[in-house]
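Welcome, and thanks for taking a look at this one with me.

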Amino acid sequence: MMGMMISVVSITAFVLMTGYILIGARFAATRKLAAVSAFMAAVETIMFGMLSCVNNPTAFLLLLAARAAVLVACAVAMHRDREEAKARKRLRNRFRAEMYNTMEPLHVVRRQRAAARIDIVA
């Protein structure tokens, strides 16, 4: 009975984690983890309640640890994804601000630098 309850909870957790990753991830590398979570949910559904904690407690605890490890890895990946997206946005905003605050447009600066190099060579 306890094995079935843990299976229901883990199936729900994996399905929710898959949805969270698919909706909230900004980068493709993080979205690939949704496949791992969905695969774990599918395997958990197939193996629903087959292993009880009474018959083989060691295997049951190892599987429980594996479930927790996958969920923690997905949560950490989503946290890193969110932080990388924030860093990318800050970098983009800083670049825009620098370009806005320059005295001369960028193409003029490039032409001046190129002309200065030609003068040095000649």
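This is a predicted model: local features need pLDDT of at least 70, side-chain atom pairs count only at pLDDT 80 or more; totals for chains, interfaces and linings use all residues.

1. Now for the overall layout. The protein has five helices and zero strands, and from the N terminus on its elements read α-α-α-α-α. Of the 122 residues in the protein, 20% are buried. Among the contacts with a separation of 6 or more, 73% are accounted for by residues 24 or more positions apart. The accessible surface comes to about 9300 Å², and carbon and sulfur atoms hold 68% of that area.

2. Back to Phe39, and to its surroundings on the surface. Phe39 has a relative accessibility of 55%, and because the cut-off for exposed is over 50%, Phe39 counts as exposed. Together with Val43, Ile46, Met47 and Met50, Phe39 forms a nonpolar patch on the surface. The accessible area of these residues together is about 550 Å².

3. Is Arg67 buried or exposed? Arg67 sits in helix α4, residues 57-101. Its relative accessible area is 11%, so Arg67 falls under the 20% limit and is buried. Leaving aside neighbours within four places in sequence, Arg67 is in contact with Ile6, Ser7, Ser10, Phe14, Met40 and Glu44.

4. The last name in that list deserves a second look. A search of the whole structure finds two salt bridges, and one of them joins Arg67 to Glu44, with the closest N and O atoms 2.9 Å apart. Arg67 lies in helix α4 and Glu44 in helix α3, so this pair ties together parts that are 23 residues apart in sequence. Both Arg67 and Glu44 are buried.

5. What about the salt bridge between Glu83 and Lys86: how far apart are the closest N and O atoms? They are 4.0 Å apart. Here both residues lie in helix α4, three residues apart, which is about one turn of the helix. Glu83 is partly exposed, with a relative accessible area of 35%. Lys86 is also partly exposed, at 43%.

6. Next, have a look at the largest pocket, which holds about 240 Å³ of space. Its lining is made up of 13 residues, and those nearest the centre are Val43, Glu44, Met47, Leu63 and Arg67. The elements that give two or more residues to this lining are α1 (2-24), α3 and α4. Of these, α4 gives the most, with four residues.

7. Finally, a stop at Gly3 in helix α1. Gly3 is buried, with a relative accessible area of 10%. Which residues does Gly3 contact, once neighbours within four places in sequence are left aside? They are Leu51 and Phe60. Gly3 and Met50 are 47 residues apart in sequence, and their C-alpha atoms are 7.9 Å apart in space.

Terms used: Residues are numbered from 1 along each chain as its sequence is written. Side-chain values use heavy atoms; hydrogens and water are left out. Buried means under 20% relative accessible area, exposed over 50%, partly exposed in between (1.4 Å probe, protein chains only). Contact means heavy atoms within 4.5 Å. Accessible areas come from the Shrake-Rupley method with a 1.4 Å probe; for residues, only the protein chains shown count as cover. Patches are made of residues with over 30% relative accessible area and no salt bridge: like charges are joined within 9 Å, nonpolar side chains (Val, Leu, Ile, Met, Phe, Trp, Tyr) within 5 Å. A salt bridge is a side-chain nitrogen of Lys or Arg within 4 Å of a carboxyl oxygen of Asp or Glu. On a 1 Å grid over the protein atoms alone, a cavity is a set of points where a 1.4 Å probe fits but cannot get out, and a pocket is an open set with protein on both sides within 12 Å along at least five of seven lines; lining residues have an atom within 4 Å of a point. Grid points are joined across faces, edges and corners, and a volume is the space filled by probe spheres set on the points.
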